[in-house]
Amino acid sequence: MTMEAGGQRRGREYWWTALCFSLLLRIEPRVSAQIRYSVPEEMKEGSVVGNIAKDLGLDVSSLVDKRVRIVSGLNDAFFQLNQQNGILYVDKHIDREDICDGNSACVINLKVVVEKPLEVHYVEVEITDVNDHSPSFSDKDFSLEVSENTVTGTRFELQTARDLDAGVNSVRFYQLSKNEHFDLEMKDSVYGDKNPFLVLQKSLDRETAEIHRLLLTATDGGNPPKSGVLNITVFVLDVNDNRPICNSDAFTITLRENAIIDTVVTIINASDADSGVNGEVEYTYGRNMKPKIREIFQLDRMTGKILVKGLIDFEENDIYSLMIRASDKGIPPLSTDCQLIIKVEDVNDNKPEIQVTSLSNVVSEDAKIGTVISLISVSDKDSGINGKVVCTLFDNVPFELKQSVQDNMYSLVTKERLDRERVFEYDIKIMATDLGNPSLSAYKTMLVQVSDVNDNFPEFFTNPLELYMSENNAPGASIFFVSAFDKDLNENAAIAYQIIRGGGTQNDMASVLNINSETGVIYALKTFDFEIIKKFQFHVLATDSGSPSLSSNVTVNVFILDQNDNVPVILYPVSANGSAQGVEEIPRNVNAGHLVTKIRAYDADIGYNGWLLFSLQEVSDHSLFGLDRYTGQIRTLRSFTETDEAQHKLVILVKDNGNVSLSATATVIVKVVEPKEAFAASDVTNAVKDEEENNVTFYLIITLGSVSVLFIISIIVLIAMQCSKSSDYSSKYLQDVNYDGTLCHSIQYRSGDKRYMLVGPRMSVGSTLAPGSNRNTLVIPDRRRRDSGEFSDVLLA
């Protein structure tokens, strides 16, 4: 119960007591002696306090009749009297602290009234204390603020613990938790209890411990004892007694060059053990800081953050020293200096530079391996690995770089034999690459020209050369030309030609030839006759103008081509005066097909020019005689009649197959006689004629066979030579026989990129005469002709 409720209860009790006392005065009751009981608080309801009937000497059986009861005010609510046995018992929960409000003695006065006769008996019930309350503080937490410069021995009053119990059950002592800075001291108060004080035993340091947490325990004297605790928090107030401290008096960091603007370099972190304004640190540059540093780096006054403000170039400055002052805001302020060393880390931001010192940009093609062409120096503004440079050459060139003893120096030298005729100049690309990551490269191109030396012989396009020329050439006219080339330059490539003379019968023909030493045109000093010489060979020497000069020769094989320059010769018939005229007698009774005679002739030319055709140019009666155009045989076409004349004249034309054919005529007089005369004459003449005919025929066959064999051998040799040179055609000679009533034959051959055809007696359609030919040489159009270095035309005289 609260104190207010206790006061109201006591007022009601006083009023009830006064009322009862006034009633007793009227009745004038008898007052008996006083009875005292003692019970502990917190007894259970129904617990026996005492036997009032026994203690007052009352008869138990008369208690109801005498109406014995408790009339002691409101307190009777806590106790009741059993009228059956006179026992006083607890009727309600009793809390001493609630009833007596913490007084040391707690007594409840009861009045027992007995009627018949009226008697008043006083009963005191003492409520003894039970340790049912723990000591307690008004606040659970208690805080103190103590400056760190407070002197030792200073006392600080603490809260006093309260315990509703009384006597020994109340607070008996205090205990402070173990602490090196504080101790506990007790003082007696005017109320008889003890007040606790906190005493500073050791100086405080806020920077060491800003807060001290203590525990004060108050313990009562109960059995078992009970206690209460007070949480004490001591806040140490700061005094500006500490300077700012940098995390290092001098520390070094690295910064990459070319760092972008506003890049955070570092943050100066200076700490101050003080608190509040005493611990707030601000940063400034030192007094002796160079102006250049202020342009490059920016310092944040409040945070100590250092930012990049200008260009960081390792090549300009590789280290910076910054003095930063850290100051607190205490009064007076304290400060300290922090040194920051910034080492600039090189970044590969500079390309190598190449310098070429050329000894000569022209090198002879016969230069020895290892010949120095130029000196090359490279440099790089970067340092360390970023400044190390390696030089290499692009492409596959016959040069190489050799590193000198001195760093970054190279010499460009030849590593292979040079050949101006293959490559006459080189664009040498030099690449210099540093070893940075990523690497940077620079390039330099230099032109080196290769000068010529006379190291190449004159060369002919083909060797041997073949010349096909017609006989009967005009003396002094050009018949051929040779051409050689030299891969060298200028005078080393200027070629002079000459015919090699002397030294055997094969070279005897060289004496009738001449050559233009500059153009290579060959002239024949005499006319060639196919019937005398059909082929020969000579050599041409080509010499350049170098020093020393070089030369080479070519063999020229000359093949004389036959012309139709011989007239057919009549062998039979031949008269006594040498004319081609004869008389033949035949019987009149011969049948058709009778051989009258045979015209025999030959031609000194060969091939088509020597092939003969026979034809009747004049005949008296075409129905009587016929002539075989190939054999020259004259035969009768029918039998003779009585009306036929006795003598007939036949004029036979013998013509060769030349392009412009030549011919001869023979006259045969055929006499028709009676059979008796014919038989008589024939016995004499036939024997002679047969013998002569057989002899002539034999010689003619041998002559023609020999000429044909020689011609075929020449053709075979030519075909073999051409097959060994050209894969385009299996043969240079293609034979084509066209028969249209007149024997027509052609021989095709090739020289260089021209194809030629010898035809007779007629030209094929679509053929053209080659310039310089003598009528019987045709150029065959060849679409497969390729452009090459071979000479294009063969001049035929």
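Which residue in E27 is the bridge partner of Ile354? Select Ile354 and look across: the partner is Val378.

Before moving on, note that this is a predicted model, where local features need pLDDT of at least 70, side-chain atom pairs count only at pLDDT 80 or more, and totals for chains, interfaces and linings use all residues. Residues are numbered from 1 along each chain as its sequence is written, and side-chain values use heavy atoms, with hydrogens and water left out.

**Stop 1**

Strands here are DSSP runs of E, at least two residues long, numbered from the N terminus. Two strands count as paired if DSSP finds at least two bridges between them.

Now widen the view. Strands of a sheet pair through backbone hydrogen bonds.

**Stop 1: the disulfides**

A disulfide is a pair of cysteine sulfur atoms within 2.5 Å. The count comes to 2 disulfides. Counting bonded cysteines along the chain, the pattern is 1-2, 3-4.

Select Cys100 and Cys106. Their S to S distance is 1.4 Å. The link is right-handed, with 70° about the S-S bond. Cys100 is buried at 7% relative accessible area, and Cys106 is buried at 1%. Buried means under 20% relative accessible area, exposed over 50%, and partly exposed in between, using a 1.4 Å probe and protein chains only.

Next, select Cys246 and Cys338. Their sulfur atoms are 1.1 Å apart. Cys246 lies in strand E16 and Cys338 in strand E24, so the pair ties together parts 92 residues apart in sequence. Cys246 is buried at 7%, and Cys338 is buried at 0%.

**Stop 2: the core**

Select Val482, Phe538 and Val540. They have the most contacts inside the largest nonpolar core, which has 29 residues. Such a core is a set of buried Ala, Val, Leu, Ile, Met, Phe, Trp, Tyr and Cys residues joined through side-chain atoms within 4.5 Å. Colour strands E40 (535-544) and E41 (551-561): they are among the strands that each supply at least two residues of this core.

Conventions
Helix = DSSP H or I, 4+ residues; strand = E, 2+ residues; numbered from the N terminus.
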